[in-house]
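Biologist: Please take a close look at one part of this model for me. I would like the aromatic packing, with its surroundings and all cut-offs stated.

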Amino acid sequence: MIVGSLIIQKIEHWPFGKAWYWSIVTISTVGLGDIVPLTDNGKIFTIFYAFCGCSIMALVLNGFIKY
């Protein structure tokens, strides 16, 4: 989540706190919609980040459930 936060921070020129919040909301699939990327690059990164982030989160949670 830190890497995703740093990337979106650079793309959208957001402060780190806002980028960190966006990262958590996006990966947890809550998607409140209060912070959204406005640039095309930010939107493209969001698609990639949501897909990969949710997949990785599912794998991690699956590992916890098995034990």
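**Surface patch and aromatic cluster**

Modeller: Ile56, Met57, Val60, Leu61 and Phe64 make a nonpolar surface patch of about 480 Å². Patch residues have over 30% relative accessible area and no salt bridge; nonpolar side chains (Val, Leu, Ile, Met, Phe, Trp, Tyr) are joined within 5 Å, like charges within 9 Å. A salt bridge puts a side-chain nitrogen of Lys or Arg within 4 Å of a carboxyl oxygen of Asp or Glu. Areas are Shrake-Rupley values with a 1.4 Å probe, and for residues only the protein chains shown count as cover.

This is a predicted model: local features need pLDDT of at least 70, side-chain atom pairs count only at pLDDT 80 or more, and totals for chains, interfaces and linings use all residues. Residues are numbered from 1 along each chain as its sequence is written, and side-chain values use heavy atoms, with hydrogens and water left out.

Val60 belongs to helix H3 (residues 40-66). Helices are DSSP runs (H or I, at least four residues), numbered from the N terminus. Val60 is partly exposed, at 40% relative accessible area. Buried means under 20%, exposed over 50%, and partly exposed in between (1.4 Å probe, protein chains only).

Now the rings. The whole structure holds six aromatic pairs. Rings of Phe, Tyr and Trp (its six-membered ring) pair if their centres lie within 6.5 Å; planes under 30 degrees apart are stacked, over 60 edge-to-face, the rest tilted. Trp22 and Tyr49 have ring centres 5.2 Å apart and planes at 25°, so they are stacked. Trp22 sits in H2 (residues 16-27) and Tyr49 in H3, so this pair ties together parts 27 residues apart in sequence. Both Trp22 and Tyr49 are buried.

Tyr49 also stacks with Phe45, at 5.5 Å centre to centre and 25° between the planes. Phe45 and Tyr49 are four residues apart in H3, about one helical turn. An α-helix has 3.6 residues a turn, so residues three or four places apart point the same way. Phe45 is buried too. One aromatic cluster takes in Trp14, Trp22, Phe45, Phe48 and Tyr49.

Back to H2. Its buried residues are Ala19, Trp22, Ser23, Val25, Thr26 and Ile27. They pack against helix H1 (2-12) and H3, with contact meaning heavy atoms within 4.5 Å. Just after H2, Thr29 takes a positive phi of about 60°.

Methods. Helix = DSSP H or I, 4+ residues; strand = E, 2+ residues; numbered from the N terminus.
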